[in-house]
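Please consider the structure displayed here, with attention to its charged side chains, one of its helices and its backbone geometry.

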Amino acid sequence: MNRRTFTRKSLSAMGLAMVGTPAFARMRPKAAVRLGGPIFSKPQGPEEWAAAVTAKGFRAAYCPLSITASEVEIQAYERAAKNADIVIAEVGAWSNPISPDATMAREAMEKCIQSLHLAERIGANCCVNISGSKNPVHWAGPHRDNLSQDTFDHIVEVTRKIIDEVQPTRTFFALEPMPWAFPDSADSYLDLIRAIDRKAFAVHMDPMNLIVSPRLFYDNANLIRDCFKKLGAYIRSCHAKDIDLRQDYYMPQFSEVRPGLGHLDYQVFLQEVSRLVDIPLMMEHLSSEAEYDLAAAYIRSEGLKVGITA
């Protein structure tokens with residue numbers, strides 16, 4: 001067979017191989033992000049749950065079990081997730097372990113410990129909480145002492161106790177950034193990582209929560225890049241929200257909105273997440289399944305513009 005005949009037959013074979021192959025498969029984007037969100041269908045059992053997650057096109061999910069789940073249930077859901085290529089992104093431990101109310105702080109500490117135990121047993125990427133607040137009324141609210149050195153030291157002490165009690169080997173404890181509580185910037189997160197000094201302490205990234213001024217609002221692309229540059233090696237899960245700035249008022253007023261209705265630079269956000277391995281991007285705080293569908297459609301459309309599937 002001469003070279004011309006070989007080339008012609010080879011090209012013909014390639015053409016036959018392409019027949020019936022969807023266009024999106026032939027032009028697959030170069031990177032991917034594991035998008036996830038809540039499931040509204042109330043599936044019964046681990047297989048139905050995994051099927052419901054996959055039906056939404058999600059490759060990541062919130063932990064479907066509570067801290068009271070049995071070991072049999074936990075193992076069944078972990079197995080179903082692995083079989084369906086679903087990453088369990090996070091177990092939420094939402095509580096205030098630095099509350100000025102001693103009873104609330106003690107109960108929150110126990111919730112964090114039990115939630116980290118669950119994350120460890122089910123193989124979640126992380127257990128996540130906020131650091132807490134000194135506000136005596138609003139558990140996650142602002143307070144003048146939240147950003148003090150004493151509070152920083154208190155957070156370090158509490159976080160060490162949570163991690164040391166569980167001693168996780170395959171999951172992490174992480175703190176979601178907040179506008180008025182540590183960590184409130186990439187640099188303060190690095191300070192916490194150094195001070196806590198535990199291998200099982202990691203980063204939960206929600207860049208929207210760090211936008212606290214018009215400067216950061218309009219330049220959020222560089223804020224996102226800076227966060228991933230400094231913290232990328234520690235990030236275990238991310239939240240997907242959006243933010244808008246009120247136009248008809250003379251003091252800055254920010255509102256959390258559905259992705260696509262605000263100004264967060266999702267192309268940059270997706271590019272940064274896609275550079276990490278199997279780090280989920282989890283939508284939250286929306287009021288209905290229809291809202292989540294719209295948010296997912298927007299995030300995916302922004303991803304495709306920069307060659308990323310979600």
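**Salt bridges, a helix and the backbone**

Arg34 and Asp278 form a salt bridge in which the closest N and O atoms are 2.8 Å apart. Arg34 belongs to strand 2 (residues 34-36), whereas Asp278 sits in the loop between helix 10 and strand 11, so this pair ties together parts that are 244 residues apart in sequence. The model discussed here is a predicted one.

Arg34 counts as buried because its relative accessibility is 6%, and buried means under 20%. Asp278 has a relative accessible area of 39% and is therefore partly exposed.

Side chains of opposite charge can pair when their charged atoms come close. How many salt bridges does the model contain? The count comes to 20 salt bridges, and two further examples follow.

Asp293 forms a salt bridge with Lys56, with the closest N and O atoms 2.9 Å apart. This pair links distant parts of the chain, as Asp293 lies in helix 11 (residues 289-305) and Lys56 in the loop between helix 3 (46-55) and strand 3 (60-62), 237 residues apart. Asp293 counts as partly exposed at 36% relative accessibility, and Lys56 counts as partly exposed at 24%.

Arg198 and Asp164 likewise meet through their side chains in a salt bridge, at 2.8 Å from N to O. Here too the pair links distant parts of the chain: Arg198 is in the loop between helix 7 and strand 7, Asp164 is in helix 6, and 34 residues separate them. Arg198 has a relative accessible area of 28% and is partly exposed; Asp164 is partly exposed at 35% relative accessibility.

The discussion now turns to helix 5. Does the distance between its ends agree or disagree with the expected span? Helix 5 comprises 21 residues (residues 102-122), which at 1.5 Å a residue should span 30 Å; the end C-alpha atoms are 30 Å apart, so the two values agree. At the N-terminal end, Asp101 caps helix 5, with a side-chain oxygen 2.9 Å from the backbone nitrogen of Thr103. After helix 5 comes Gly123, which has a positive phi near 80°.

The buried residues of helix 5 include Ala105, Ala108, Met109, Cys112, Ile113 and Leu116. Which elements cover the buried residues of helix 5? The cover includes helix 4 (71-83), strand 4 (87-92), strand 5 (126-129), helix 6 (149-166) and strand 6 (173-175).

Several loops carry backbone features of their own. Phe182 and Pro183 are joined by a cis peptide bond, with omega about -5°. Pro183 is located in the loop between strand 6 and helix 7 (186-196).

Asp197 is not a glycine, yet its phi is positive, at about 55°. This residue, Asp197, is placed in the loop between helix 7 and strand 7 (201-205). Asp197 counts as exposed because its relative accessibility is 54%, and exposed means over 50%.

Asp278, the salt-bridge partner of Arg34, returns at this point. Its phi is near 55°, a positive value in a residue other than glycine. The loop that holds Asp278 runs between helix 10 (266-274) and strand 11 (280-283).

Definitions and conventions: Residues are numbered from 1 along each chain as its sequence is written. This is a predicted model: local features need pLDDT of at least 70, side-chain atom pairs count only at pLDDT 80 or more; totals for chains, interfaces and linings use all residues. Side-chain values use heavy atoms; hydrogens and water are left out. Helices (H or I, at least four residues) and strands (E, at least two) are DSSP runs, numbered from the N terminus. The expected span of a helix is 1.5 Å times one less than its number of residues. Buried means under 20% relative accessible area, exposed over 50%, partly exposed in between (1.4 Å probe, protein chains only). Contact means heavy atoms within 4.5 Å. A polar contact is a pair of N or O atoms within 3.5 Å; within protein, one must be able to donate a hydrogen and the other to accept it, and residues adjacent in sequence count only if both atoms are side-chain atoms. A salt bridge is a side-chain nitrogen of Lys or Arg within 4 Å of a carboxyl oxygen of Asp or Glu.
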